[in-house]
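Here is a short briefing on one protein. Look at the sequence and the structure, then read the points below.

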Amino acid sequence: MSVHVSPETGAAVSHLSGLAEVAQSYDGFLLDQWGVLHDGTTPYRGAVDCLQRLRSAGKAIIILSNSGRGARENEELLARMGFARELFDHVVSAGDDARDALLTEQDPFYRDLGRRCFLFARDGEDHLIEGLGLTRVESTEAADFLFMLSMNPPQQSLAGWRPALEAAVARDLPMICGNPDLYRVHADGTLHEAPGLVARCYAGLGGRVRYHGKPEPRIYRSSLQRLGLAPRRVLAVGDSLEHDVAGATGAGIDVAFIAGGIHRQDLGWPTPDTVDHASCARLFATAGWMPGYVVPSFAW
């Protein structure tokens, strides 16, 4: 471990070669999926081994994902990539957090939404709103609210959905966003649009949006309840400053930033096993969020 002080902020960040250097200091871990464990199709080198070592050390683990899909589908995705179910305790997803809010929240925003939903999702994912008592409608003119859950770029895009957004904002329809990620890392390293970008556009047009998932406090409260641990005993691991670092910091949870994830282009990512400290300091100062730790990848 080496400690580097940002010349811009004066804050100290510990740079790690792997999680083994700090694992003994925490009892529970909140792990992001995309950009940390896998690229959507393949585990990152060392990720399965790192999970196995954490479990062997008796650590509680939650996969905390901004996916609009439910826990079961995410578990199946992880299993297909070689992440055995016994390697983690729970999957907590932004989509499940949004669905739970629709079913349980007494906030007037949810209580008064209505039942007719215009769904933004991949083709064939109507099941994402099953069990909520909602009726999916095919036009914003017939809708009571918008539900943003998933997308399949480039076939689905912000540009393609913009006419629906403009029609919806003219009717002052509220939106629930159950996946606030702006971009996701594709297997080839490129960034693809994600549902949060669509929700942010809608908010920019003047639409009312209620977000679920990281960095919103609700999903951290429920995750800590599942772990049964105080925030100081938990380490979050993620690759997004705006979601993982900001969310964990706001919840009082230490966070390890994965430099080789979604920000690797911002960092001019030299090699998979090295981190340019000066580039990290500049990125953190620009973003306004500072992790406690930086690690090249999710590895032991």
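**Charges and overall picture**

The protein carries 28 positive and 37 negative charges, and their mean positions lie 3 Å apart. Keep in mind that this is a predicted model. The protein holds nine helices and 15 strands.

**Shape**

- A compact globule of 300 residues would have a radius of gyration near 19 Å. The protein has 19 Å, so the value agrees with that of a compact globule.
- The C-alpha trace spans about 55 × 40 × 35 Å along the principal axes of the protein.

**Inside and surface**

- Of the 300 residues, 53% are buried.
- The accessible surface of the protein is about 12,600 Å². Carbon and sulfur atoms account for 49% of that surface.

**Contacts along the chain**

- Take the contacts between residues at least 6 apart in sequence. Of these, 70% join residues at least 24 apart.

**Cysteines**

- A disulfide is a covalent bond between the sulfur atoms of two cysteines.
- How many disulfides does the count come to? With a cut-off of 2.5 Å between cysteine sulfur atoms, the count comes to zero.
- Cys-177 is in no disulfide. Its nearest cysteine sulfur belongs to Cys-201 and is 12 Å away.
- Cys-201 is in no disulfide either, and the nearest cysteine sulfur is that of Cys-177, 12 Å away.
- Is Cys-177 buried or exposed? Cys-177 is buried, with a relative accessible area of 0%.
- Cys-201 is buried too, because its relative accessible area is 14% and buried means under 20%.

Definitions and conventions
Residues are numbered from 1 along each chain as its sequence is written. This is a predicted model: local features need pLDDT of at least 70, side-chain atom pairs count only at pLDDT 80 or more; totals for chains, interfaces and linings use all residues. Side-chain values use heavy atoms; hydrogens and water are left out. Helices (H or I, at least four residues) and strands (E, at least two) are DSSP runs, numbered from the N terminus. The radius of gyration is taken over C-alpha atoms; the globule rule is 2.2 Å times the number of residues to the power 0.38. Buried means under 20% relative accessible area, exposed over 50%, partly exposed in between (1.4 Å probe, protein chains only). Contact means heavy atoms within 4.5 Å. Accessible areas come from the Shrake-Rupley method with a 1.4 Å probe; for residues, only the protein chains shown count as cover. Lys and Arg count as positive and Asp and Glu as negative; His and the chain ends are not counted. The place of a charge is taken as NZ of Lys, CZ of Arg, CG of Asp or CD of Glu.
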